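User: Please examine the following model and answer a series of questions about its chains and the contact between them.

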Amino acid sequence: MRGCTTALWYSLGMAASAAIERISELLDGGGLETSNTSMRIPTALRDAAALAVTELGVAPSATALTTAALRAALEAVVMQAVLDDHYQHHPRARPDLGDLAIAAAELDGHPLAAEPGRLRQAAAEIARNHPDASPDDVLLWAEARALPAA
Amino acid sequence: MTRLVVLDNEAAQALADPTHRKHRQVVSHVQVVASRKRRAAAIQVAVPTAVRVEAGWDRTSPAWAFPNHLRISDIPLDTAYANTAAAIHSQTGVPVADAHLGAVIQSAPAHQITVVTSDPGDMRLVAGDKDITIATI
């Protein structure tokens with residue numbers, strides 16, 4: 001069943017919105033049908049994937065590992081496009097770095113999740129010198145600040 | 001091992017409604033998941049279908065277009081979940097949606113589930129002895 005798409009895509013161009021829509025449908029498809037591809041990947045990457053499968057058991061096969069990584073990457077693309085579109089239409093919905101650091105801490109069960117004020121302060125400090133800092137950078141900085149001086 | 005982020009009723013409603021006072025908070029959680037997926041982290045957002053019913057989340061309704069596109073998967077109330085949920089419901093008296101959520105929690109691998117919820121007490125109740133992470137909204 002297809003989800004309703006009305007009221008989305010305020011800002012994306014028609015071609016981009018159609019592509020996002022189609023990617024999402026294809027990801028939902030998830031059937032058992034497979035295809036051989038002529039995709040070429042670096043030999044070293046292929047060998048690294050094979051080792052990770054045989055020696056570390058990270059996935060049932062190199063194909064499964066590659067497929068899972070590709071799916072995650074495509075899902076991230078779709079999610080970010082939808083979120084960016086939403087932020088454009090609802091600017092107040094866009095989280096700042098402090099919001100994201102708190103959310104990251106909450107998702108992980110990090111002890112600093114209970115101290116949102118400290119995380120917001122750390123976010124403000126780190127954003128001054130590192131405008132592209134990630135929520136995880138903020139958590140690290142907040143943790144470091146919480147350590148007693150040696 | 002994939003970390004599963006599960007939404008409760010109010011989290012789902014807050015996500016769908018930009019005027020909801022917790023909208024930005026739940027969007028923050030989804031944004032973190034999207035960023036982590038981009039870095040190839042194994043993480044997934046999901047909603048039990050009974051929670052969807054309670055929240056009024058109809059995937060064919062225009063009102064839910066935004067959450068519909070965020071790659072949030074359904075966890076159906078299948079036979080196994082229904083059995084576990086029935087036991088939780090009769091033991092605790094929680095609503096069916098929370099019992100379904102509890103069944104999802106109890107069947108997930110340890111330390112791999114986060115529940116985004118406005119009712120941490122009920123979530124701990126339905127989780128039984130399962131160690132879960134709770135993101136309170």
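Analyst: A residue counts as buried if 20 or more other C-beta atoms lie within 10 Å of its own, as exposed if 12 or fewer do, and as partly exposed in between. The model discussed here is predicted.

User: What pattern does chain A follow along the sequence?
Analyst: Chain A has 6 helices and 0 strands. Read along the sequence, the pattern of chain A is therefore α-α-α-α-α-α.

User: What pattern does chain B follow along the sequence?
Analyst: The secondary structure of chain B comprises 7 helices and 5 strands. Read in sequence order, these give β-α-α-β-α-α-β-α-α-β-α-β.

User: What is the radius of gyration of chain B, and why is the chain described as compact as a globular protein of its length?
Analyst: The C-alpha trace of chain B spans about 35 × 30 × 25 Å along its principal axes. For 137 residues the globule rule gives 14 Å, and the value for chain B is close to this, so chain B is as compact as a globular protein of that length. The radius of gyration of chain B is 14 Å.

User: What percentage of the residues in chain B is buried, and what percentage in chain A?
Analyst: Among contacts with a separation of 6 or more, residues 24 or more positions apart account for 62% in chain B and for 45% in chain A. Of the 137 residues in chain B, buried residues make up 53%. Of the 150 residues in chain A, buried residues make up 25%.

User: Which element gives the largest share of the side of chain A that touches chain B?
Analyst: The contact takes 31 residues from chain A and 28 residues from chain B. On the side of chain A, the elements that give two or more residues are helix H3 (62-89) and helix H4 (97-108). The residues on this side divide into 18 nonpolar, 8 polar and 5 charged. The largest share, 10 residues, comes from H3(A).

User: At what angle do H3(A) and H2(B) pack?
Analyst: The crossing of H3(A) and H2(B) is left-handed. Residues that make the contact include Ala72(A), Met79(A) and Leu83(A) of H3(A) and Val30(B), Ala34(B) and Arg38(B) of H2(B); the residues of the contact divide into 6 nonpolar, 2 polar and 3 charged. The axes of H3(A) and helix H2 (residues 23-38) of chain B are 8 Å apart, and the angle is about 145°.

Notes: Residues numbered from 1 in each chain as written. Chains lettered and ligands numbered in written order. Predicted model: local features only at pLDDT ≥ 70, side-chain atom pairs only at ≥ 80, totals over all residues. Contact = placed C-beta atoms within 7 Å. Helix = DSSP H or I, 4+ residues; strand = E, 2+ residues; numbered from the N terminus. Nonpolar A, V, L, I, M, F, W, Y, C, P; charged D, E, K, R; others polar. Rg over C-alpha atoms; globule rule 2.2 N^0.38 Å. Axes fitted to C-alpha atoms, helices over the stretch in contact; angles between N-to-C directions. Left-handed = near helix turned anticlockwise from the far one by under 90°.
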